[in-house]
Amino acid sequence: MVTKEEDCRLPPATEPSRCHSPSSSTPLEELETIRSLEIVEPSYFLSPVWLLVIFCIINLLNYMDRGAIASNGINGSTKSCNDKGKCTSATGIQGHYNLSNFEDGVLSSSFMVGLLIASPIFASLAKSFNPFRLIGVGLTVWTVAVLGCGSSFAFWFIVLCRMFVGVGEASFISLAAPFIDDNAPHKQKAAWLGLFYMCIPSGVALGYVYGGYVGKHFSWRYAFWGEAVLMAPFAVLGFFMKPLQLKGFPSTDSVEASVGNEIEKDEVEVSMGTYKSSYTNSVWKSITQFARDMKVLCKERVFVVNVLGYIAYNFVIGAYSYWGPKAGYNIYKMRNADMIFGAVTIICGIVGTLSGGFILDHVTSTIPNAFKLLSGATFLGAICCFTAFTLKSLYGFIALFAIGELLVFATQAPVNYVCLHCVEPSLRPLSMAISTVAIHIFGDVPSSPLVGIVEDHINSWRKTALILTSVLFLAAAIWFIGIFINSVHRFNDEAESENPSRLEQSILNP
């Protein structure tokens with residue numbers, strides 16, 4: 001027979017002690033007990049470095065797909081004939097379905113529609129379902145949709161598949177960066193984000209090469225099937241590996257226990273009609289929670305200023321990527337404008353993105369320092385790019401424009417660092433999702449047609465390029481304002497370790 005005293009002295013290993021004896025423990029011991037209960041033990045076999053590697057590969061594949069579908073080997077062209085009667089055969093998706101340029105552009109737009117709609121949805125679901133499992137769901141949708149692109153039998157079907165490719169990518173975009181932020185060493189958080197976002201320019205470049213080679217030597221369909229094969233293991237990993245936890249979110253065990261208790265209670269006490277009513281209430285609760293979270297984000301001045309600067313920045317970068325080669329060809333008569341702009345963007349994108357992360361870590365990763373780097377790098381980069389377009393020498397233009405792009409791309413790690421650290425941990429996925437939605441809807445999506453309208457009116461690519469580049473000064477000015485905003489670092493590991501919670505303080509100071 002076990003006495004009450006023995007029961008208190010020997011609590012079950014899987015439960016916290018239910019007994020308390022003031023004479024048997026000190027406040028410091030109680031504090032350590034509470035901290036030990038709050039710590040979530042590692043629930044996965046991957047080291048943080050391997051997690052970063054896997055996420056970088058997934059990000060690389062995502063952007064490789066974007067580059068591949070834009071490549072000549074995959075996108076292709078319709079059949080055309082010159083004045084002498086010499087014809088070129090139809091190639092790629094455009095040639096296979098005999099698409100107009102407008103219909104060809106719909107492929108890109110359909111992907112963006114899926115991405116922008118699904119991003120905030122996945123971010124909201126992260127509060128009810130394990131975020132790592134949601135990434136697995138998204139990657140599975142992505143894999144199946146890419147397979148559908150390769151097996152498409154009609155234009156409308158491939159448009160639908162591209163939309164679901166965007167839906168699948170949305171889960172990863174919203175949730176991957178918070179996982180990296182959680183697992184990165186405290187003094188290397190920005191550098192790890194820089195490594196992750198470096199995969200954007202390198203992935204697009206790899207997609208151009210991959211799509212061109214596979215489309216030329218095999219078929220555009222094989223390119224999509226190959227992407228699906230490469231992504232499939234990571235989709236499976238998201239389901240079969242023990243799920244990772246995000247800081248600020250309930251653990252999987254507690255969520256499953258809660259759900260299990262509710263199900264057990266429903267089986268005994270709740271009728272089917274009441275169950276349906278409960279489900280409706282749950283959906284309504286999720287909607288109202290999303291509205292409350294959005295209100296919190298919109299009231300966070302650091303987040304608003306950061307995203308406004310990011311919109312102006314992305315307005316220019318998006319137009320550069322679309323109109324840059326054409327502007328370079330018309331201003332400087334470049335013979336290989338695609339190759340020159342592509343090479344400059346790839347090299348400067350990789351080096352600049354990595355440099356921005358390492359520099360921010362070197363000067364200490366804080367929100368004010370991030371804004372200083374954002375405004376300073378963007379301002380200097382704008383000066384270089386603006387001056388480059390005023391030069392008459394092609395070599396002078398390439399040299400100065402490369403320096404400008406190097407500086408401009410150094411913003412990738414700092415801008416995402418601010419998005420992650422200016423909000424509470426539970427709002428990080430939504431912060432990343434809304435940032436993604438905003439920079440596309442108000443940034444690169446409208447910039448290309450607007451630049452086209454300006455060029456149609458003034459008919460001078462040099463003046464158009466100068467007008468576009470001047471928007472970078474606006475981005476620098478907006479981020480400069482962020483330096484003076486009273487920012488609160490809401491997710492600082494050092495602050496958490498140095499400032500005990502209210503419960504801890506009450507124990508230390510009874």
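Predicted model: local features only at pLDDT ≥ 70, side-chain atom pairs only at ≥ 80, totals over all residues.
**Buried salt bridges and a helix pair**

D65 forms a salt bridge with R162, and the closest N and O atoms of the two residues are 2.8 Å apart. D65 belongs to helix α3 (residues 48–70) and R162 to helix α8 (residues 155–183), so this pair ties together parts that lie 97 residues apart in sequence. Burial is counted here as a relative accessible area under 20%. D65 has a relative accessible area of 0% and is therefore buried. R162, with a relative accessible area of 2%, is buried as well.

R66 pairs with E169, with the closest N and O atoms 2.4 Å apart. Here too distant parts of the chain are linked, since R66 lies in helix α3 and E169 in helix α8, 103 residues apart. R66 and E169 are both buried. Helices α3 and α8 are thus connected by the D65 and R162 pair and also by the R66 and E169 pair.

R428 forms a salt bridge with D182, the closest N and O atoms being 2.8 Å apart. R428 lies in helix α18 (residues 428–458) and D182 in helix α8, so that parts of the chain 246 residues apart are linked. Both partners, R428 and D182, are buried. In total, the model contains four salt bridges.

Helix α15 (residues 367–388) packs with helix α19 (residues 461–482) at an angle of about 160 degrees, and their axes are 8 Å apart. Because an angle over 145 degrees counts as roughly antiparallel, α15 is roughly antiparallel to α19. The crossing of these two helices is left-handed.

On the α15 side, the contact is made by F371, L374, S375, T378, F379, A382, I383, C385 and F386. On the α19 side, the contributing residues are L466, T469, L472, F473, A475, A476, W479, F480 and G482. Sorted by class, the contact of α15 with α19 comprises 14 nonpolar and four polar residues, and no charged ones.

Definitions and conventions:
Residues numbered from 1 in each chain as written. Heavy atoms only, no water. Axes fitted to C-alpha atoms, helices over the stretch in contact; angles between N-to-C directions. Helix = DSSP H or I, 4+ residues; strand = E, 2+ residues; numbered from the N terminus. Parallel < 35°, antiparallel > 145°, perpendicular 65-115°, else oblique. Left-handed = near helix turned anticlockwise from the far one by under 90°. Contact = heavy atoms within 4.5 Å. Nonpolar A, V, L, I, M, F, W, Y, C, P; charged D, E, K, R; others polar. Salt bridge = Lys/Arg side-chain N within 4 Å of Asp/Glu carboxyl O. Buried < 20%, exposed > 50% of the residue type's maximum accessible area, 1.4 Å probe, protein only.
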